[in-house]
Amino acid sequence: MRAVVLACIASTIPLLAAADEDAAGGELLAVRTSGKIEVDGRLDEPAWRDATPFAAFVELYPNEGATPTERTEVRFLYDDDQLYVGIVCHDSQPERISRAMGRRDHVPPSDMVAIAIDSAHDHRTGYYFILNAAGVQEDRLLHDDTGETDEWDAVWDGAAASLPNGWSAELAIPLRVLRFERSDALVFGAYVQRKIARTHAVLASKLIPLGAGAFVSQFGELRMGAVEPRRELELMPFVATRFTMRPEHSDAANPRVGDPSGDVGLDFHARLTSGVGVTGTVNPDFGQVEADPVILNLTRFEPFFPEKRPFFMAGMDLFQPVAGESGDVPQQVVYSRRVGLDAPILAAAKIGGDLAPGLQVGFIEAFVAGASAPAWSGTGPDRRLGVRWAQPLHFGPNDLLPAVAPTPENFLAGVVRRSLGANSWIGLAGALATPVGPRCSGADVRLDDPPAACDAVGGNAGAFQWDLRSHRSEYGFAGQVALSQVVGGPPARTLADGTSLRRGDVGFGAYASAGKTGGEPWRAWVAYELATPRLDLNAAGYQPDQNLHQVRPTLAFVRESGFGPLHRFSADVSVPASWSADGRALLRRAGIRSSVSVTLSGFHDVSCDGGYDAPSWDQREIYALGIPYRRPASADAGCSLSTDAHRTVALGLSGRVTRVLPAAGLPGARAWQVGASAALRPSPALETRLGLDASGDPIPGRFLEEDGDQLRFGDLAARSLSLTLREQVVATPRLSFIGYLQLFTVDGRYHAYYAAARSARIEPGDLRPVGAPSPAADFRSVSLRLNLVLRWEYRPGSTVFVVYSRSQEGDTGVSGGGVATLLPSRLGSTPATDAFLVKWTLWTRI
């Protein structure tokens with residue numbers, strides 16, 4: 001492995017200094033205009049006739065390098081405030097242009113155009129603006145050459161218009177949202193795309209091969225005259241009112257009470273220098289954000305949920321973790337979902353941008369604090385409304401507040417990156433999660449009701465990161481080396497594998513991938529991870545596992561531009577292996593995996609994968625006791641199919657079967673998962689998405705509890721069913737209605753029980769049958785999530801949200817005998833909470 005890594009580094013470093021041979025292609029020119037441009041999709045102002053047209057587009061997909069069958073022209077204008085982009089899309093069959101409607105930032109499959117701009121001209125970062133033939137807008141941030149995130153929003157304008165022989169698009173992009181240094185002759189990186197829905201054709205202003213492994217670094221150039229970057233302050237004050245109906249004592253049988261509440265707050269953005277901006281929020285309200293889906297997690301690992309809150313989505317490109325070829329990030333220093341998890345956010349701010357050419361910085365600061373219920377001598381719940389100093393911009397009834405206020409906590413994260421060559425960088429990242437207030441003592445932990453400080457586990461983390469690539473990004477070496485330190489919380493706590501983590505303990509971790517990650521057809525790389533037993537990044541980051549070494553060599557065959565009758569083909573095989581890092585070198589995993597993914601001639605996607613895992617030691621199953629447990633061997637295989645997404649009805653099917661092989665003392669088992677989805681678009685303004693996911697997860701010999709010197713286990717048969725419905729009605733690109741419904745049920749039954757004497761290690765042969773415990777460990781629950789959101793952007797950047805949400809969840813008990821049902825029976829017996837929200841936001845600038 002070390003030889004492979006060294007060889008990859010040696011081949012990468014000389015290429016970093018190589019000149020970009022393709023930089024001259026796709027050159028574009030912007031012309032200054034003094035006239036007013038009305039953004040209506042029609043290029044009928046005189047200035048557009050004077051602009052220099054560019055029509056040398058090339059087909060990127062499905063016939064890479066071919067001459068397009070449809071003509072496309074793009075023109076650029078600019079003034080001191082805006083960059084204007086005008087695109088004329090000629091079409092020989094204008095009646096077949098797809099003008100599907102969608103909400104902001106969710107452009108549906110349709111005819112569309114896009115412009116990507118590397119305004120810093122660092123060949124690594126950029127902005128991506130999309131507009132479809134119905135006028136729906138979407139924007140993204142580009143980072144690390146090939147990475148992108150749609151977790152960014154800018155206030156810009158765009159419109160589309162029909163033409164007798166096609167359609168046209170007009171975009172007005174404020175120069176204030178772009179990072180650039182003043183120059184008498186500005187040069188941006190630029191790239192223009194057009195997608196034709198009925199043929200799936202992708203046309204581009206410059207040919208960047210799909211299998212190149214590079215994107216931003218290969219842009220053409222957009223040349224324009226001098227522009228003085230302006231410093232403006234953008235303000236977005238908001239008012240949110242909410243009325244919640246809930247059971248008085250969290251029991252469906254109790255009377256329901258109504259709780260009015262309200263918030264005022266402010267979001268703002270300002271440009272500090274031409275390359276650095278600050279974004280802040282005071283008392284942010286995220287009531288319109290869709291709830292996380294309910295899932296069944298039978299593992300000993302924390303699931304990962306993506307960020308959905310607008311403040312933590314926007315402008316986070318610098319904080320994106322370094323990902324290997326597989327996209328896995330095993331150790332994440334900054335995970336914004338930690339902020340506001342246990343207490344409301346009082347205020348937060350982000351600063352980021354180009355401090356100097358080739359030097360980027362970013363900082364996030366957030367403070368969370370919650371109020372406690374005041375003393376109450378009356379009878380019944382305290383329904384008085386009030387405002388508390390810990391939450392000065394929120395008012396609501398006292399009985400909604402906890403008896404003990406959560407511990408205030410300060411979150412601070414920072415990133416510094418230095419560019420090396422055209423598309424490589426090195427950098428430092430750090431995160432501090434610091435509880436504010438008295439420490440939790442050993443005596444506090446032993447109390448029947450420990451103070452909140454005992455739950456406020458903080459931590460410090462720092463990392464050195466790098467992403468080194470050849471000039472075409474075919475070869476790469478990326479990774480991170482991290483340190484962590486425990487701050488706050490109890491004097492000591494025990495991790496899932498039994499490691500005792502004390503306040504002040506330091507842990508070490510690293511991961512890296514190196515090899516040929518771009519180009520066609522062959523690619524090969526190796527990924528490695530080390531996490532010492534005391535590495536803990538979870539105070540402000542995300543780290544699902546620790547106490548392991550892991551290596552994963554991979555060989556892949558890739559044809560992104562097509563292979564025979566297929567539009568796309570890729571296949572890979574890997575041999576993952578991991579062992580503990582605590583000095584015992586216990587084998588945690590050894591196996592082989594392979595996958596194949598293709599796009600068929602009808603533009604349907606099919607992928608299959610499978611693998612085998614040999615018997616291995618699980619250090620987390622016997623939770624927090626530090627006793628390794630021998631897992632039997634298993635094999636699995638699965639496939640998924642999704643039909644052409646551009647059709648009126650698009651279907652998806654998936655299935656997986658896992659066979660756990662029998663071992664001494666334990667029976668074999670067969671797990672299964674099936675999924676089905678349908679997307680229906682009967683008209684451009686209406687979209688319905690249906691989803692069904694079901695699983696059967698038998699787990700032989702699952703650990704239940706410690707009973708003296710005995711460890712108890714059971715054979716679990718768990719099944720789950722999830723039904724989802726998403727409904728979208730779009731009146732205009734700025735007025736939309738979204739509905740989301742999820743019904744989720746889970747039923748778990750134990751049908752055999754075992755006991756084993758406590759020892760240094762437990763193997764299946766150590767288990768002996770015993771009777772069922774009392775009470776039984778069986779479980780059954782049902783959940784419902786409902787969100788209805790009306791969004792009206794009454795002017796660019798200013799919105800009104802009207803939201804209704806309903807949440808139900810509870811244990812419905814297990815009836816004896818018979819076959820377990822997954823139907824959502826007894827849903828009415830679970831407590832329900834209904835919430836109504838109206839939020840008004842105004843965007844302005846000064």
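How much space lies in the largest pocket? In this predicted model, the largest pocket holds about 1500 Å³ of space. It is lined by 43 residues, and those closest to its centre are Arg242, Asp285, Phe286, Gly287 and Gly340. Several strands contribute to this lining with two or more residues, namely β14 (233-247), β15 (256-271), β20 (391-397), β44 (798-811) and β45 (832-841), and the largest share, four residues, comes from β20. Sorted by class, the lining of the largest pocket comprises 18 nonpolar, twelve polar and 13 charged residues.

The second largest pocket has a volume of about 960 Å³, and of the 37 residues that line it, Glu302, Arg338, Leu341, Asn538 and Ala539 are the closest to its centre. Here β21 (409-420) and β25 (492-494) each supply at least two residues of the lining, which divides into 20 nonpolar, six polar and eleven charged residues.

One of the strands that line the largest pocket, β15, leads on to a set of paired strands. Why is strand β16 described as largely enclosed by the rest of the structure? The reason lies in burial, because five of the seven residues of β16 (residues 276-282) are buried, where buried means under 20% relative accessible area.

Burial also brings nonpolar residues into view. In soluble globular proteins, nonpolar side chains tend to be buried together. The largest nonpolar core in this model has 41 residues, and those with the most contacts inside it are Val74, Phe76, Phe129 and Leu178. Strand β11 (residues 185-196) gives the most to this core, with five residues. Leu178 can be followed in detail: leaving aside residues up to four places away in sequence, it touches Ile117, Ser119, Tyr127, Phe129, Ile173, Phe188 and Arg271, and Phe129 in that list is itself among the residues with the most contacts inside the core. A second, separate core has 29 residues, including Ala366, Val368, Ala463 and Ala482.

Methods
Residues numbered from 1 in each chain as written. Predicted model: local features only at pLDDT ≥ 70, side-chain atom pairs only at ≥ 80, totals over all residues. Heavy atoms only, no water. 1 Å grid on protein atoms, 1.4 Å probe; cavity = no way out; pocket = protein on both sides within 12 Å on 5 of 7 lines; lining within 4 Å. Points joined across faces, edges and corners; volume = space filled by probe spheres on them. Nonpolar A, V, L, I, M, F, W, Y, C, P; charged D, E, K, R; others polar. Buried < 20%, exposed > 50% of the residue type's maximum accessible area, 1.4 Å probe, protein only. Core = buried A, V, L, I, M, F, W, Y, C linked by side-chain atoms within 4.5 Å. Contact = heavy atoms within 4.5 Å.
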